[in-house]
Amino acid sequence: MSEKLSVAKLQWQAAGRRIVDGVDVTVSPGEFVGVIGPNGSGKSSFLRCVYRVNRPNFGAVFLDGEDLWKMPASQAARRCAAVPQEMPAQFDFTVREIVAMGRYPYKKAMERDSDDDRRLAAQAMDYVGLSQKADQAFSSLSGGEKQRTLIARAIAQDTDFLVLDEPTNHLDIYYQLEIMDLIRRMGIASLVVMHDLNLASQYCDRLYVLCQGRVAAAGRPQDVITPELIARLYHVETRVTPRPETGRPQIAFLRRLSGAESTE
Ligand SMILES: Nc1ncnc2c1ncn2[C@@H]1O[C@H](COP(=O)(O)OP(=O)(O)OP(=O)(O)O)[C@@H](O)[C@H]1O
């Protein structure tokens, strides 16, 4: 199958340091791929290279075989939608206005919303269950509602590739599951940075584990999530058992390890 996303030998430097150091990643059409790894391992920096914030020093990001960094910005935005970690500044935009911003890549400067734009924005709000809140100020929403608004903006962008940076950050477990179910249900190729290893294990088709800007492991959750890997990268002892309903690894965190124990 031809890949939706193909990242080859990607390198990004900042402050004289290689933060992303030769990363290869692929995502197939419809695949839900997670990026995990300890704090500071380069996950967000890598993702920003994909959604055109960090320009790579070396390597390339191909979407459907085309170099994403060589496209005009508006064309790239019609192909790849991002849900970044940062929330938009707390201006008093309504949910409807934020979601409508997803249509910008299709419009000329100052062009008014067309019926199509309004329909797509309304559909996106409906999809994430926010139609009732369309006229509420973004700044007054709960954390889960804000996250769903940003996902609706990405849906309104009408792309077939989505990147999300820690979309379940700050959410309670109900909303974490809601957001993950929502992304899964969309069924479009997605690349998602995640911290919660159990959520990543249950939802992702494949995982890439980053460590010091490099891919330390990659594959299906059942192949990647092992006590040895978690001890080596996170310095935590775990018990990993297959979840009865899915066979996917379920992790119980037992204790922190000292550096020496975890690298044995
Ligand atoms: N613009 C920058 N200038 C200097 N250093 C940077 C820059 N951006 C990122 N870094 C550094 O690169 C490293 C990786 O950061 P990054 O945010 O990509 O990691 P992460 O894996 O997403 O971390 P976390 O899990 O804590 O969110 C960190 O040490 C960070 O301080």
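## Close-up views of a predicted model

**View 1. The cysteines form 0 disulfides in this model**. A disulfide here is a pair of cysteine sulfur atoms within 2.5 Å. The model is a predicted one, in which local features need pLDDT of at least 70, side-chain atom pairs count only at pLDDT 80 or more, and totals for chains, interfaces and linings use all residues. Residues are numbered from 1 along each chain as its sequence is written, and side-chain values use heavy atoms, with hydrogens and water left out. Cysteine 211 is in no disulfide either, and the nearest cysteine sulfur, that of cysteine 49, is 17 Å away. Is cysteine 204 buried or exposed? Cysteine 204 is buried, with a relative accessible area of 0%, while cysteine 211 counts as partly exposed at 23%. Buried means under 20% relative accessible area, exposed over 50%, and partly exposed in between, using a 1.4 Å probe and protein chains only.

**View 2. Helix H1 is mostly covered**. Take a look at the list: Lys43, Ser44, Ser45, Phe46, Leu47, Cys49 and Val50. After the helix comes arginine 52, with a positive phi near 65°. Helices (H or I, at least four residues) and strands (E, at least two) are DSSP runs, numbered from the N terminus.

**View 3. The ligand sits among 15 surrounding residues**. The closest are Gly40, Lys43, Ser44, Ser45 and His195, where near means that a heavy atom of the residue lies within 4 Å of the molecule. Which element gives the most to this shell? H1 does, with 3 residues; strand S1 (5-14), strand S2 (17-27) and H1 each supply at least two. By class, the shell has 5 nonpolar, 7 polar and 3 charged residues. In this scheme Ala, Val, Leu, Ile, Met, Phe, Trp, Tyr, Cys and Pro are nonpolar, Asp, Glu, Lys and Arg are charged, and the others, Gly among them, are polar.

**View 4. Four strands build an open, antiparallel sheet**. The order is S2-S1-S4-S5. S2 and strand S5 (66-67) stand at the edges with a single partner strand each, so one side of each is left without a neighbour in the sheet. Two strands pair if DSSP finds at least two bridges between them.

**View 5. Bridges link the neighbouring strands**. S1 and S2 are joined by 8 bridges, and serine 6 stands opposite threonine 26 in S2. Another 5 bridges join S1 to strand S4 (residues 58-63), with leucine 5 opposite leucine 63. Leucine 63 also has glutamate 66 in S5 as a bridge partner, and 2 bridges join S4 to S5. In their hairpin, with 2 residues between the strands, aspartate 64 takes a positive phi near 50°.
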